[in-house]
Amino acid sequence: MRSYYTPDQVRDAERPLLASGAPGALMRRAAFGLASVVIGELRARTGGVVGREVCILVGSGDNGGDGLWAGSMLRRRGVAMNAVLLKPNRAHAGGLAAFRAAGGRIVDAPGTPDLVVDAIVGISGKGPLRPDADALVSGIDAPIVAADIPSGVDPLTGNVDGPAVRAAVTVAFGARKPAHVLAVPYCGRVELVDIGLELHEPYLRSFEPADVGAQWPIPTALDDKYSQGVVGVAAGSDRYPGAALLCTGAAVAATSGMVRYVGSAAGEVVSHYPEVIAAAVPSSTGRVQAWAVGPGFGTDDVSKQWLTDILGSDLPVVVDADGLTILASSPESVTGRTAPTLLTPHAGEFERLTGEKPGPDRVASVRELASTWGVTVLLKGRATVIADPDGTVFVNDAGGSAASTAGSGDVLSGILGALLASGLTPSTAAACATRVHSLAAATAAHGVDGEFAAPISASPLLSAVPDAIRIVRSVTALD
């Protein structure tokens, strides 16, 4: 599992090291890690180190000092080092002296280097790049390695509200920050450098494939169809029969012991998935251990009554799509529940539920809804944010936009329902399901050689769910 810490948490962890160590020792430790990553990038991209050219964009303060110290170390390895000082009178004195002593040059523009280091601002930075920095960054063609945080990206929220650096690699000093998972398109690959920080409870967490594989419910010799989890699916309508097929098919693919379906698309569902048991109304489905309700469900009086009946049970329930639209006008249906409840809105549905769009701090927005309503909330997006009522947050970066297609959310709902029926908590089910869902989308969208093949729809995404489960399980087996 990966952990992410706020800038304040990192600064608190740095204080004892700064107080007990030699002056500048912590900065040089970070700089050494930065220089090591740059050397690795030069070798991977150009085949060598000696004679290659690197330019550092240097801001004021410690982040600029990290870059300058790293530059002095790179210069000693034979790299031609240039630095552009955005605030010449406020450059870190010790780092600048070391850079010059090693033979680094101060220049007015980056030129045409093999690689650029962004050391403009660090974890204290707020807001977009200033015009002078934006002008420099905009003219760069070389790959950029960011020191701790790409400049212009908010380290806590990952929000970008203007010009910002898009890094190929970001070197995280001491700990991963929230932006490293909330703003992956700007951070690129994140390399963590250990500088000796002692950290405690993280601000955010994300599951690795091995974590998902270890949690995924797999039948044992003692299991039967009931002990594996029986999920009820209430989805689809005459207008949207495909939602029923996608949601029910995903529940089947996610290794449910049994899937029971209720809705107007029963004929289509059973013809595609003969193992599914169909019923006329929720009360006649038989034994169910969790529900997935809402995709293509409709918002008429019958749908409202079915949702009310399902939420009136003491079973775990995942509510999506039309179910969320119904809840927007009757939140009391879930705010008083004691059974596990998982809401899965996209940004528009989140606004329907709360009256406001998710703010720039998506984590804070999701936490507030989860706490206020007493439910687990999964806010969909490139970085999916999952919050429990107690404030625990998981984040999953999809790694791309392959899942941004109609019906994709219906598939996710079916997977979630299956995992809730197996006994996983809502947040664990959500963290596992989003990881497998995004992996299935990536698997479907890429050819056998790993290169992007073609855009996909929800049907091939659904077909790839078993492969995605096998992948995370195989990682667990290897570990």
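Author: UniProt positions are given in the numbering used here, feature names are shortened, and annotations may be inferred rather than shown by experiment. An unreviewed UniProt entry places the feature "binding site" at Asn63, Asp118 and Ser151. These positions are spread over 89 residues of sequence, yet they cluster in space, with a largest C-alpha distance of 10.2 Å.

The model is predicted, so local features need pLDDT of at least 70 and side-chain atom pairs count only at pLDDT 80 or more, while totals for chains, interfaces and linings use all residues. Residues are numbered from 1 along each chain as its sequence is written, and side-chain values use heavy atoms, with hydrogens and water left out.

Asn63 lies in helix H3, residues 62–76 (helices are DSSP runs of at least four residues, H or I, and strands, E, of at least two, numbered from the N terminus). Asn63 counts as buried because its relative accessibility is 7% (buried means under 20% relative accessible area, exposed over 50%, partly exposed in between, with a 1.4 Å probe and protein chains only). Leaving aside residues up to four places away in sequence, Asn63 touches several residues, among them Asp118, Gly122 and Asp148 (contact means heavy atoms within 4.5 Å).

Asp118 belongs to strand E5, residues 115–119, and is also buried, because its relative accessibility is 0%. Its contacts, again beyond four places in sequence, include Asn63, Ala147 and Ser151.
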